[in-house]
Amino acid sequence: AIKVIPLVEDFDSILNVDQIVVPYIKAVKPKQQRVFIARSDPALNYGYLCAVLLSKIALSKVKKLEKHFDTAIHPILGVGSKPFRGHLSPDNIDNFLQEYKGLSTVTIQSAFRYDYPTEQVKEGIQTLNQRLPNSVPEFIEEEEEKTLVAILAKCRKQYEKEI
């Protein structure tokens, strides 16, 4: 069987991840669904603050979907090792897992492997395997989300102007 994993990586898709996932869940009625949320590329396209906030909004939204459907949703976050790209590095795993709650899976980029000593990399992978999934995301209420979206729009506009 082929299972679809939606990848959301642009501003509007990440912000509306629930509207992308819901029609699929209604049509297919899967028991489990993975959703891939980009974190690294949005930083390049919209700036650091936008990338962080978009990720957290998306994680909150997909977790809320679980309450409405009989489907376990397992978010994947695509991150890099550098702070701007997500800061998932062997020497920052604890902070990363605290910052991005509600993950089932993370991707790692080549810098995770090649910019650190082999033993540290192995320990990092072992830690990720032991600690993921990592609790539940912070729930963002509708009013708070509206405020965040307004902030995101301003940050995005300024970032694009600078770039």
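I take buried to mean under 20% relative accessible area, exposed over 50%, and partly exposed in between, with a 1.4 Å probe and protein chains only. Strands (E, at least two residues) and helices (H or I, at least four) are DSSP runs numbered from the N terminus. I note that this is a predicted model, in which local features need pLDDT of at least 70, side-chain atom pairs count only at pLDDT 80 or more, and totals for chains, interfaces and linings use all residues. Residues are numbered from 1 along each chain as its sequence is written, and side-chain values use heavy atoms, leaving out hydrogens and water.

I looked up strand S3 (residues 72-78) and found five of its seven residues buried, so S3 is largely enclosed by the rest of the structure. For pairing, DSSP must find at least two bridges between two strands. Strand S2 (residues 32-38) runs parallel to S3 and is joined to it by seven bridges, with Phe36 opposite Ile76. S3 also pairs in the parallel sense with strand S4 (residues 105-107), over three bridges, and there Ile76 stands opposite Thr105.

Next I asked how many disulfides the structure holds, a disulfide being a pair of cysteine sulfur atoms within 2.5 Å; the count is zero. Cys50 is in no disulfide, and the nearest cysteine sulfur, that of Cys155, is 5.2 Å away, which is too far for a bond. I recorded Cys50 as buried, with a relative accessible area of 1%, whereas Cys155 is partly exposed at 25% relative accessibility.
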